[in-house]
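Grab a pencil and work through these exercises one at a time.

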Amino acid sequence: QVRVVESGGGLVQPGGSLRLSCVASTTSDNIVSSDNIVTWAWYRQAPGQARGLVARFAEDGTARYVDSLKGRFAISRDDDKNMIYLQMTSLTPDDNAIYYCNAMIKWATNLEGAYRYFEVWGQGTRVTVSP
């Protein structure tokens with residue numbers, strides 16, 4: 001019903017920068033708005049490793065980062081477009097991974113005032129840092 005789609009991955013040289021994008025939309029005639037999106041996050045999964053958090057927007061809208069990535073990565077959002085971004089700088093081969101967008105969705109039910117909450121994941125976008 002609601003989906004998120006990432007884009008912007010690719011091949012970049014060490015020391016380079018890349019900006020990832022993620023957009024939320026629906027697969028039906030329903031319309032998703034920023035009011036439906038409780039939290040946004042970027043995760044990544046390197047080869048042979050578990051998926052881990054990179055950065056997120058908490059419910060209060062503040063940006064939170066994994067300590068090791070602070071200063072190099074920046075998460076931002078455009079609520080009018082239902083999009084988030086991940087600006088990555090000073091990339092190294094350690095940043096090689098598939099980057100996933102995640103959103104916690106709040107969706108109205110048929111019961112007045114009642115909502116259901118569910119998580120959606122994108123298919124991921126691959127980032128390769130190599131000379």
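**Exercise 1.** Which residues is Q1 in contact with, leaving aside its neighbours within four places in sequence?

*Solution.* 
Step 1: Contact means heavy atoms within 4.5 Å.
Step 2: Skip the neighbours within four places, and Q1 is left touching S25, T26, T27, S28, N30, W107 and R116.
Step 3: Now place Q1: it sits in the segment before strand 1 (2-7). Strands here are DSSP runs of E with at least two residues, helices are H or I runs of at least four, and both are numbered from the N terminus.
Step 4: Q1 has 37% relative accessibility, so it counts as partly exposed. The cut-offs are under 20% relative accessible area for buried, over 50% for exposed, and partly exposed in between (1.4 Å probe, protein chains only).

Before you go on, note that this is a predicted model: local features need pLDDT of at least 70, side-chain atom pairs count only at pLDDT 80 or more, and totals for chains, interfaces and linings use all residues. Residues are numbered from 1 along each chain as its sequence is written, and side-chain values use heavy atoms, with hydrogens and water left out.

**Exercise 2.** How far apart are the C-alpha atoms of T26 and Q1?

*Solution.* 
Step 1: Along the chain, T26 and Q1 are 25 residues apart.
Step 2: Look around T26, not counting residues up to four places away: it touches Q1, V2, I31, V32 and W107.
Step 3: T26 belongs to strand 3 (residues 18-26), and its relative accessibility of 14% makes it buried.

**Exercise 3.** Which residues make up the covered face of strand 11, and which the uncovered one?

*Solution.* 
Step 1: Recall that side chains in a regular strand alternate between the two faces of the sheet.
Step 2: In strand 11 (residues 125-129), T125, V127 and V129 are on the covered face, while R126 and T128 are on the uncovered one.
Step 3: Find the partners, remembering that two strands pair if DSSP finds at least two bridges between them. Strand 2 (residues 10-12) runs parallel to strand 11, with 3 bridges joining them, and L11 stands opposite T128.
Step 4: Strand 9 (residues 97-108) runs antiparallel to strand 11, also with 3 bridges, and here I98 stands opposite R126.

**Exercise 4.** Where do N82 and S90 sit, and what are their phi values?

*Solution.* 
Step 1: N82 is in the loop between strand 7 (73-78) and strand 8 (83-88). Its phi is near 55°, a positive value in a residue other than glycine.
Step 2: S90 is in the loop between strand 8 and strand 9. Its phi is about 50°, again positive without being a glycine.
Step 3: Check the cover: N82 is buried at 11% relative accessible area, whereas S90 is partly exposed at 40%.

**Exercise 5.** How many helices and strands does the chain have?

*Solution.* 
Step 1: Count them up: 0 helices and 11 strands.
Step 2: The radius of gyration is 15 Å, close to the 14 Å that the globule rule gives for 131 residues, so the chain is as compact as a globular protein of that length. That radius is taken over C-alpha atoms, and the rule is 2.2 Å times the number of residues to the power 0.38.
Step 3: Finish with burial: 37% of the 131 residues count as buried.
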